[in-house]
Amino acid sequence: MEHKKATSRKSSSFAFRIHEHVKLGPKLSETLKGKLSLGARIIQEGGRGNIFKHIFGMQDGEKLLKASQCYLYTTAGPIAGVLFISTKKVAFCSERPITCSSADGELVRVPYKVLIPIGKIKEVNEGENVNQTEQKYIEIVTQEDSEFWFMGFLRYEKAFKNLKKAISMPI
């Protein structure tokens, strides 16, 4: 019982959550560059809300509920970025651009983006790594049965609460 209390206390500390968040990245140096780049962008754009408006646009009456640093899990591995939860959509944008091939075969660097309208979300599930219960994730399943897995949140509970709030609002 004492071990479980200590583990629970440890996993709830902010320093521990930062450590777990950074640990998901490929290399510490790359993760730190991404965090510094994101911090500079937040300052330049005047806050996360302005970044959200600039990248994804906002509809009349739409309100940004939460912006959370996290990772989107892909078949190529986790991608660090920000999950935006609004009253109309859930959106993710990577901290750093990814490299991919353009239609003409050139290598280009573009941000990795996901946009899911709230009305297209079939379900939201929470889960945890069975081997490391402090590692929690959120799964979003769309009506088309696409699955998106988000992990490595600094404030997992707040992100999940705001996501549940968003999908329970009338469209």
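Lys89 and Glu62 are both buried, where buried denotes under 20% relative accessible area, exposed over 50% and partly exposed the range in between (1.4 Å probe, protein chains only). The structure is a predicted model, in which local features require pLDDT of at least 70 and side-chain atom pairs count only at pLDDT 80 or more, whereas totals for chains, interfaces and linings use all residues. Residues are numbered from 1 along each chain as its sequence is written, and side-chain values use heavy atoms, with hydrogens and water left out.

The chain contains five helices and nine strands, these being DSSP runs (helices: H or I, at least four residues; strands: E, at least two) numbered from the N terminus. Along the sequence, the elements follow the pattern α-α-α-α-β-β-β-β-β-β-β-β-β-α. Of the 171 residues of the chain, 37% count as buried.

Three salt bridges are present in the structure, a salt bridge being a side-chain nitrogen of Lys or Arg within 4 Å of a carboxyl oxygen of Asp or Glu. In general, side chains of opposite charge can pair when their charged atoms come close. The side chains of Lys89 and Glu62 form one of these bridges, with an N to O distance of 3.0 Å. This pair links distant parts of the chain, with Lys89 in strand E3 (residues 89-94) and Glu62 in the loop between H4 and strand E1 (64-74), 27 residues apart. A salt bridge also joins Lys122 to Asp145, with the closest N and O atoms 2.4 Å apart. Because Lys122 lies in strand E7 (residues 121-128) and Asp145 in the loop between strand E8 (136-142) and E9, the pair ties together parts that are 23 residues apart in sequence. Lys122 is partly exposed, at a relative accessible area of 44%. Asp145 has a phi near 65°, a positive value in a residue other than glycine. Glu128 forms a salt bridge with Lys136, for which the closest N and O atoms are 3.1 Å apart. Both partners are partly exposed: Glu128 has 37% relative accessibility, and Lys136 has a relative accessible area of 28%.

Seven aromatic pairs occur in the structure; rings of Phe, Tyr and Trp (its six-membered ring) pair if their centres lie within 6.5 Å, and planes under 30 degrees apart count as stacked, over 60 as edge-to-face and the rest as tilted. Among them is the tilted pair of Phe52 and Phe84, with 5.3 Å centre to centre and 35° between the planes. Phe52 lies in helix H4 (residues 48-56) and Phe84 in strand E2 (residues 77-86), so the pair ties together parts that are 32 residues apart in sequence. Phe52 and Phe84 are both buried. The rings of Phe153 and Tyr156 are edge-to-face because their planes stand at 70°, with the centres 6.0 Å apart. Phe153 and Tyr156 are likewise buried. One aromatic cluster is formed by Phe52, Phe56 and Phe84.

A surface patch of positive charge comprises Lys63, Arg155, Lys158, Lys161 and Lys165. Patches are made of residues with over 30% relative accessible area and no salt bridge, like charges being joined within 9 Å and nonpolar side chains (Val, Leu, Ile, Met, Phe, Trp, Tyr) within 5 Å. Arg155 is located in the loop between strand E9 (147-151) and helix H5 (156-168), and its 38% relative accessibility makes this residue partly exposed. Lys158 belongs to helix H5 and is partly exposed at 45% relative accessibility. The C-alpha atoms of Lys158 and Lys66 are separated by 8.1 Å, although the two residues are 92 residues apart along the chain.

Two further C-alpha separations involve residues of the strands. Ala80, in strand E2, counts as buried at 19% relative accessibility. Ala80 and Cys93 are 13 residues apart in sequence, with a C-alpha to C-alpha distance of 8.5 Å. Lys113 is found in strand E6 (residues 113-117) and is partly exposed, with a relative accessible area of 45%. A distance of 9.2 Å separates the C-alpha atoms of Lys113 and Gly81, which are 32 residues apart along the chain.

How values were computed
Areas by Shrake-Rupley, 256 points an atom, 1.4 Å probe, with all protein chains shown as cover. Lys, Arg positive; Asp, Glu negative; His and termini not counted. Charge placed at Lys NZ, Arg CZ, Asp CG, Glu CD.
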